[in-house]
Amino acid sequence: MALILSAATGNFNAGATWVGGIVPGAADEARASTTHVITITANVTCTELSNAGTGTYVLNSGVTLTANVTHKGSTTVVTCLTFSAAAPATASIVGNITGGTVSQSVGVANSSTGTLTITGNLLGGSGSSCHAVNNTSTGVVNITGNATGGSGNGAIGAQNATGTLTLTGNATGGSNLTASGVNNSSNGTLNLIGTATGGSNSTARGANNDSTGQLNITGTAIGGTVAAGANNASSGTLNLTRAKGNAFGIGSVGLSAAVGVSSAQASITKVEEIEYGSLGQSPTSGPIYLTSQLSNVAIFVNYPTGTKTLSDPNNTAGLSPADTDVRSGVVYNNGNDTGTCEVPAAGSVGFGVPTDNTTGTATLTAADVRAALGMATANLDTQLAAIPTAITNANAVWDELMSNHTTSGTYGGRIVRSINSNNELQLTGSHHAAADVHEFQAAVIQSVAFATSAVTLFTGAMRTELTPELTEITEVHAIHGLDIANALTVTPTSRTSGAITQAITGDGTTSTVVTRV
């Protein structure tokens, strides 16, 4: 392997950037000399990228670097390689990354708001706070590989601040103070898919949540030589699949008591499964919440015969809630049960009515009432327009009298009169009938017709003849809600008053049909 030094600040792929004009190749170590800034603008493959003094590299968006990155500079607070492009920028590194030997000498720093993908193992350096990878922004760093704390104080394998860092692999604490495998230093989110094992210093945890952020471990946190596998040090949240104590106990050598997970009083630490160490070491320290979302497993040391597993995955003891008490579709009790409780959204529940963990927000409007009764505005207007007016009813009565009540024996048939062109009876100034009105015909109306009995018969005959009209008027009176004795009842599909029923069909908006039943 040839070591090729930079000659000047410039593009990695430009010959003028390197001593002798030779661009480093797959079998070479490329070193950025002090004060030089080397920009990687296209895919690069070499054995190793390193730096000296203040030398550094800048990784552009869209580029894949295939090389180990090792901080070899002797100047403090210098990063070997930086990715700083803004979202939606992306870049990839394929290779192992190692922190430096002097204070804050970071191997790779992500100050981008985009996404950096790393495939390789991470190792904290021998200097103070010499992280292998440091995510300093709100960006995303995805790592496939193992992360190990270094020998320097606070030399972390992978450090996250306000962004999201996901490590798919194992995290192991180092040998010095707070030299954790992975650490969440602020309010960001750190995800570990693998095993977290404590190191050989009491504060060098496999995975550490140092502030208000969230640490999610899908796997087991195991106590190391002296340190906890995982630690929730402040007021943040730690979610862990299983906590396991180390092998400390009677007859153990070279170990101190180390739990799988430890937690501060103000923290929220949730563990699904616990396992005591092979010699009885406790898996937890500090306040934790034991959850049972997976298998409800607890493994204890059963002296002297070995370990004993206590579990209730099928809820044989009735410890899980009934299906009807769990939200519909939620799978629980180790996958054996699914909730059936239907909980409506607040927006579909009346205002102020309790629902779920809140109250309904839906309000009842006048339009809602009309729609529910089948009396939306268009429908109601149609019905009102179909109601006959007083003039229409009066004209109908008059036409009935004129056309159907002039036969022999009726009141109309007993009077013969003369009319003018307006069909009006003519009166003189003395209130007498005009001369062109025929005299009453004696043969038609006689004095006996004015006797009390005759008048009674006459009025009875009139009422009999008017019965259909009176019935129609009574029914009109009823279906408009004006009959005190028979209140009008309206539903979305009918209107009823006494013995009168009308069926309402249609959608209530574009078409409504009212039919008497």
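Is N51 buried or exposed? I looked this up at the outset and found 0% relative accessibility, so N51 counts as buried. I took buried as under 20% relative accessible area and exposed as over 50%, with partly exposed in between (1.4 Å probe, protein chains only).

**Entry 1. Basis.** I note that this is a predicted model, in which local features need pLDDT of at least 70 and side-chain atom pairs count only at pLDDT 80 or more, while totals for chains, interfaces and linings use all residues. Residues are numbered from 1 along each chain as its sequence is written, and side-chain values use heavy atoms, with hydrogens and water left out.

**Entry 2. The chain.** I recorded four helices and 40 strands. Helices (H or I, at least four residues) and strands (E, at least two) are DSSP runs, numbered from the N terminus. Of the 517 residues, 38% count as buried. The accessible surface comes to about 25,800 Å², and carbon and sulfur atoms hold 57% of that area. Accessible areas come from the Shrake-Rupley method with a 1.4 Å probe; for residues, only the protein chains shown count as cover. Among contacts with a separation of 6 or more, 55% are between residues 24 or more positions apart. Contact means heavy atoms within 4.5 Å.

**Entry 3. Surroundings of N51.** I placed N51 in strand β5 (residues 44–51). Leaving out residues up to four places away in sequence, N51 touches R31, A32, T70, H71, K72, G73, V78, T79 and C80. I also checked L5, which is 46 residues from N51 in sequence and 9.0 Å away in space, C-alpha to C-alpha.

Entry 4. I found V19 in the loop between β2 (10–11) and β3 (28–32).

**Entry 5. The open sheet.** I traced an open sheet of twelve strands with parallel pairing, in the order β2-β4-β6-β8-β11-β14-β17-β20-β23-β25-β27-β29. β2 and β29 (284–285) stand at the edges with a single partner strand each, so one side of each is left without a neighbour in the sheet. Two strands pair if DSSP finds at least two bridges between them.

β2 and β4 pair in the parallel sense over two bridges, and N11 stands opposite T39 in β4. Four bridges join β4 to strand β6 (residues 56–59), also in parallel, with I40 opposite L59 in β6. Further along, I found three bridges in the parallel sense between β20 (residues 182–184) and β23 (residues 207–209); here N184 stands opposite N209.

I then examined the faces of β4 (residues 37–40): I38 and I40 form the covered face, V37 and T39 the uncovered one. In a regular strand the side chains alternate between the two faces of the sheet.

**Entry 6. Cysteines.** I searched for disulfides, each a pair of cysteine sulfur atoms within 2.5 Å, and the count came to zero. C46 counts as buried because its relative accessibility is 5%, and C130 counts as buried at 0%.

**Entry 7. Q502.** I located Q502 in strand β39 (residues 500–506). Its relative accessibility is 14%, so Q502 counts as buried. Neighbours within four places in sequence aside, Q502 is in contact with I479, T493, S494, R495, V514, T515, R516 and V517.
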